[in-house]
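Subject: Structure for your review

Dear colleague,

I am passing on the structure shown below, and after it I set out what was found. Please read the notes alongside the coordinates.

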Amino acid sequence: MSRLLTSEEITRQLADLPGWAGDGQALTASYDAPDFAAAIRLVEEAADAAEQMNHHPDIDIRWKLTHWRLSTHSAGGVTQLDIELAHRIAQAAALVGASPR
Ligand SMILES: C[C@H](O)[C@H](O)[C@H]1CNC2=NC(N)=NC(=O)C2=N1
């Protein structure tokens with residue numbers, strides 16, 4: 001489950017994740033929420049998902065903009081867990097009305 005993905009596997013799976021970019025090191029995305037409260041709700045929803053998965057994102061919050069960086073520390077790069085967490089963050093973003101940026 002936590003093997004490193006190849007760049008081909010990452011590219012193929014990012015096709016279903018608008019706004020997400022990736023290299024061998026990490027997946028990254030930014031979301032623009034309607035306001036600060038919605039941005040914080042997005043972070044809270046993502047935090048719930050992260051706790052369920054025991055897999056945690058790096059998050060930078062700037063007013064209503066949130067920046068996300070996902071990697072699997074124990075594997076030293078991008079694994080399927082990061083793809084799964086990116087989907088959960090994308091779902092949470094849709095829920096609060098945040099758009100990829
Ligand atoms: C012991 C526990 O499984 C690890 O510390 C988890 C927690 N959350 C984690 N999150 C991420 N992004 N990468 C990890 O390797 C990781 N490891």
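How does the radius of gyration of the protein agree with that of a compact globule of 101 residues? For 101 residues a compact globule would have a radius of gyration near 13 Å, and the protein has 13 Å, which agrees; the radius is taken over C-alpha atoms, and the globule rule is 2.2 Å times the number of residues to the power 0.38. Along its principal axes, the C-alpha trace spans about 35 × 25 × 20 Å.

Two points on conventions come before the details. This is a predicted model, in which local features need pLDDT of at least 70 and side-chain atom pairs count only at pLDDT 80 or more, while totals for chains, interfaces and linings use all residues. Residues are numbered from 1 along each chain as its sequence is written.

As to confidence, the mean pLDDT of the protein (pLDDT being the predictor's confidence in each residue, from 0 to 100) is 97, and 99% of its residues reach 70 or more. For the complex, the predictor gives an ipTM of 0.92 and a pTM of 0.96.

The protein has 3 helices and 5 strands, where helices (H or I, at least four residues) and strands (E, at least two) are DSSP runs numbered from the N terminus. Read from the N terminus on, these elements run α-β-β-α-β-β-α-β. Of the contacts with a separation of 6 or more, 73% are accounted for by residues 24 or more positions apart, a contact being a pair of residues whose C-beta atoms, placed from the backbone, lie within 7 Å.

Of the 101 residues, 31% count as buried; a residue is buried if 20 or more other C-beta atoms lie within 10 Å of its own, exposed if 12 or fewer, and partly exposed in between. Leaving aside its neighbours within four places in sequence, alanine 86 is in contact with Leu17, Trp20, Leu27, Ala29 and Leu70.

Helix H3 also holds leucine 95, which counts as exposed because it has 12 C-beta neighbours inside 10 Å; its C-alpha atom is separated by 9.3 Å from that of arginine 41, 54 residues apart along the chain.

The residues around the ligand are Asn54, His55, His56, Ser71, Thr72, His73 and Ser74, where a residue is near a molecule if its C-beta atom, placed from the backbone, lies within 6 Å of it. This shell divides into no nonpolar, 7 polar and no charged residues, with Ala, Val, Leu, Ile, Met, Phe, Trp, Tyr, Cys and Pro counted as nonpolar, Asp, Glu, Lys and Arg as charged, and the others, Gly among them, as polar. Asparagine 54 lies in the loop between H2 and strand E3 (58-62), and has a positive phi of about 50° although it is not a glycine.

With kind regards

Notes:
Contact = placed C-beta atoms within 7 Å.
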